[in-house]
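Morning, everyone. I'll keep this brief. Please have the model open while I talk.

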Amino acid sequence: MNISNYLVLAAILFTIGAVGVLVRRNAIVVFMCVELMLNSVNLTLVTFARTTGTVDGQVIAFFVMVVAAAEVVVGLAIIMGVYRTRRSASVDDVNLLKY
């Protein structure tokens, strides 16, 4: 495949993720859309690393995956806490964290 095919695929995945974050109200769906955006960035990094012949992009993609895993663990704990108190996973109900 050509490099432009990978970049177009990454752009499409990032756009779908960004639209999902902006449109959806369910916190679980928002998390999945954030993960989709992070994976599109990883695809771009690995594509550029492969074309340049270095491993820098792959190393950065690995760190992005580690940060994404940590973000999911902390985020799901927060969502579970909110769901236990509010009986809803809507991001509109999370305004209690303001105070």
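I'll go through the annotated spans, then one serine, then a surface patch.

First, a caution: this is a predicted model.

Start with the record. The unreviewed UniProt entry annotates residues 6–23, 28–48 and 60–83 as "transmembrane region". What does the model show there? Take residues 6–23. That span is 100% helix and 0% strand. Its end C-alpha atoms lie 26 Å apart. Now residues 28–48. Here too the chain is 100% helix, with 0% strand. The end C-alpha atoms of this span are 31 Å apart.

Next, the serine. Ser40 sits in helix α2, which runs over residues 27–52. Is Ser40 buried or exposed? Its relative accessible area is 2%, so Ser40 is buried; the cut-off for buried is under 20%. What does Ser40 touch? Leaving out residues up to four places away in sequence, Ser40 is in contact with Ala10, Leu13 and Phe14. Those three residues fall within the annotated span 6–23. A polar atom of the Ser40 side chain lies 2.6 Å from the backbone oxygen of Met37.

Now to the surface. Val55, Val59, Phe62, Phe63, Met65 and Val66 make up a nonpolar patch. Together they have about 570 Å² of accessible area. One of these patch residues is Val59, and Val59 belongs to helix α3, residues 56–86. How accessible is Val59? Its relative accessibility is 39%, so Val59 counts as partly exposed.

That's the tour. Questions, please.

Key
Residues numbered from 1 in each chain as written. Predicted model: local features only at pLDDT ≥ 70, side-chain atom pairs only at ≥ 80, totals over all residues. Heavy atoms only, no water. Patch = residues over 30% accessible without salt bridge, like charges linked within 9 Å, V, L, I, M, F, W, Y side chains within 5 Å. Areas by Shrake-Rupley, 256 points an atom, 1.4 Å probe, with all protein chains shown as cover. Salt bridge = Lys/Arg side-chain N within 4 Å of Asp/Glu carboxyl O. Helix = DSSP H or I, 4+ residues; strand = E, 2+ residues; numbered from the N terminus. Buried < 20%, exposed > 50% of the residue type's maximum accessible area, 1.4 Å probe, protein only. UniProt positions renumbered as here; feature names shortened; annotations may be inferred. Polar contact = N/O pair within 3.5 Å; in protein donor to acceptor, adjacent residues only side chain to side chain. Contact = heavy atoms within 4.5 Å.
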